[in-house]
Amino acid sequence: MPTDRSDRNRDRVTTGASILVIPEDAMVIVPVRNVVLFPGMILPLTIGREQPILAAQQAVKTERPVGILLQRDAGVEVPGPDDLCLVGTVANILRYVTLPDNTHVIVCQGLQRFRIAEYLSGYPFPVARIGRIDEPEAIDSEVEARTIQLRERALEVLQFLPQVSQELLGAVKSLVQPGALTDLVASVAELKIAERQQVLETLDLRRRLDLVLGCLQRRLEVLRLSREIDERAKASIDQHQREYLLREQLKSIQKELGEGEAGNSSEIEALRKAIAEAEMPEEVATQANKELKRLERMSDGSAEYSMIRAYLDWLVELPWKEPEPDRIEIGEARRILEGDHFGLDQVKKRIIEFLAVRKLNPGGHGPILCFVGPPGVGKTSLGQSIARALGRKFVRASLGGCHDEAEIRGHRRTYIGALPGNIIQAIRKAGSRGCVMMLDEIDKLGSGIQGDPSAALLEVLDPEQNNTFRDNYLALPYDLSRMLFITTANVLDNIPGPLRDRMEIIQLPGYTQEEKREIARRYLVGRQIVQNGLKEGQIEFSDASLTAIIRDYTREAGVRSLERQIGAVCRRAAVNIAEGTLSAMQVEESDLPAILGPVKYDNEVALRTGEAGVATGLAWTPVGGDILFIEASRTSGDGKLILTGQLGEVMKESAQAALTLAKTRAASLGLDPASFEKVNVHVHVPAGAIPKDGPSAGVAMFIALASLFAERPVRNDTAMTGEISLRGLVLPVGGIKDKVLAAMRAGIQRVMLPARNRRDLEEVPAEAKEKLEFIFLENVDDAVRNAMPR
């Protein structure tokens, strides 16, 4: 920039005011805001207040330097001495320019630092005596090292700044004076005003170099981070631009092929048509159309596009229409039940009653049926028969092992891979809002940190609530009130009370041997013939062979194991026919050991109850009834009771009560009470790997102990069940039907039951009543008299 006097006088503007006399040892001060001028720097300053304008004009008129001083508070319009910093820069005004918009600009060249000594009064602008500050000339090795480091750091910072001139880079590289270099770097680096003023006021070179180095280091970290962010953003933008260009090219190609936007719009139109035809409720239709509009505005390559599309697919594919009314014919329903199942007369009777009520009151809320029974007795197939009788579709949802509430209510669709719950999925599969849904194995629901599924089922199975069931994925109400829910379970105890209260329990007992043979004859043999590739007439089972399979190779309440054994025989026939050794096979009882192997289940009653201290009890298990052997022995000792066989707490207490009762009844049993004192009694229940619990073995334990001490064997054709009290009463127990059937399967002829269980014989099949003799017990004396005849 030119500095000759003629050029400066040509550009400056005067106001015609008189020139004031300023002492030679004083200087005009120009207060500035948000600007710090360093020595050696040339800087344009815009001034607009009266004081700085008058001060600058005075300096121009007198051709004297001015003091550029930073104002502490930029908000003060007329600063006083206390409002200005103490250290500033002496500067020459190279040019004074008044712009057309009446803006005053002075171009200043910094000369050296100064410090205010005192302010002079009587002037319309600040005037002060100052002390000029010279730069130190002595440079030691530490200052020189810091100077080199500052130069390197400054060049590194300047590389980050946009549009840095080569002249500035050259100046930084060529400056060797530490003071000049710090002033240059502080002026060009983007430091805060307070930091620049601090650099200006720092006179010690070491401290000034350290201060500028610290400021540059912080600035360098910010610039590096900013560049990394810019590069990441640029890479992301470049990727999006690339994807956008590729999509545009793809659209152009598809348009040339007759696809493109037309195909996308046709997809949207197909969804709009499907929404209109789905006959959704108003709230659901509004939500679906809202999501469809969002889908139209999206690129089909975005992740949210596929999420919304999947959501709309679920909405349009769910059945929203009112289901057709049931076509119930009681005679046809009875025929279907009789044709699909043999036996189960009480269960069929209750189902016919249920269907009759549905026919007379189609809009009513019928009970939720819960079929409870051992495996293989036909619970699931009964649900299928009910669906056929109603003319509805049948769908099954297995709840076994379900431990997450979301498996019932679904996941929110913000999650990746979210889906509706099992209820909504099953309805979509059925395609009808009035289907028959079987919730299988409801007693095997679990619970964990994800919630309790049984609690979620409370709403599903409540007719007063399920008309507004909300799945988390749909986030919309769905009416389940027109559906018919049927549940199945093996054990009632595992079903929570509130859930069990919403259902009507229908017990399905096990089958008798004759019922199993008839089921095998009617259903199982024909099914296995087809499954094993045989034709009618290529294999025939005699009644004796089926009875032997049931008696010797299976021991169950249902017929699943029986069907597997029949399948094994059919496979042996298939091998012989395929080899050509036989054209047809007649299965007799004598053929079974060669096909199925040795007999798996023997009649152990006579063998294991032929000596004193052994009694046969009856037990109930989740898979049906079973016989239970109680064995007692005594050894010399001090009166201890030893219990083995993996017994539960209740069964252990029953054993203790039986021993106490035997001691109190010693006289009536013809025993010496002292015989109990010097012996240890050991009660064992075989099959020790199986946990056993419950009070119903009390009578059997008492009889085993009485038999042991009286040395009189228990009848080997008699089994018993019942709880005992310390007064000798025989109390009622549960599971009578299953226990009686187990006794019949095991070859028992006489069954002793509590007298108060006499009413439960109504549920016992007629076949069992004909084959078994029932003895009802009021107290343990009745049990002794009938189990241990003299």
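A pocket here is an open set of grid points with protein on both sides within 12 Å along at least five of seven lines, and its lining residues have an atom within 4 Å of a point. Keep in mind that the model is predicted.

**Exercise 1.** Find which residues lie nearest the centre of the second largest pocket, and which helix gives the largest share of its lining.

*Solution.* Start with the space: the second largest pocket holds about 580 Å³. Its lining has 26 residues, and Gly376, Val377, Gly378, Ser381 and Arg527 are nearest the centre. Next, look at the elements that give two or more residues: helices H11 (330–340), H13 (379–390), H18 (513–531) and H20 (560–579). Of these, H13 gives the largest share, with six residues. Finally, sort the lining by class: eight nonpolar, 10 polar and eight charged residues.

**Exercise 2.** Work out how the lining of the largest cavity divides by class.

*Solution.* List its lining: Val35, Val36, Leu37, Ile68, Leu69, Leu70, Val87, Gly88, Thr89, Gln197 and Leu200.

**Exercise 3.** Identify the lining of the second largest cavity and its classes.

*Solution.* About 30 Å³ of space lies here. The lining consists of Ile22, Ala26, Met27, Val28, Gln58, Ala59, Thr62, Arg64 and Pro65. Strand E1 (26–32) and helix H2 (50–62) are the elements giving two or more residues. The classes come to six nonpolar, two polar and one charged.

Technical notes:
Residues are numbered from 1 along each chain as its sequence is written. This is a predicted model: local features need pLDDT of at least 70, side-chain atom pairs count only at pLDDT 80 or more; totals for chains, interfaces and linings use all residues. Side-chain values use heavy atoms; hydrogens and water are left out. On a 1 Å grid over the protein atoms alone, a cavity is a set of points where a 1.4 Å probe fits but cannot get out, and a pocket is an open set with protein on both sides within 12 Å along at least five of seven lines; lining residues have an atom within 4 Å of a point. Ala, Val, Leu, Ile, Met, Phe, Trp, Tyr, Cys and Pro count as nonpolar, Asp, Glu, Lys and Arg as charged, and the others, Gly among them, as polar. Grid points are joined across faces, edges and corners, and a volume is the space filled by probe spheres set on the points. Helices (H or I, at least four residues) and strands (E, at least two) are DSSP runs, numbered from the N terminus.
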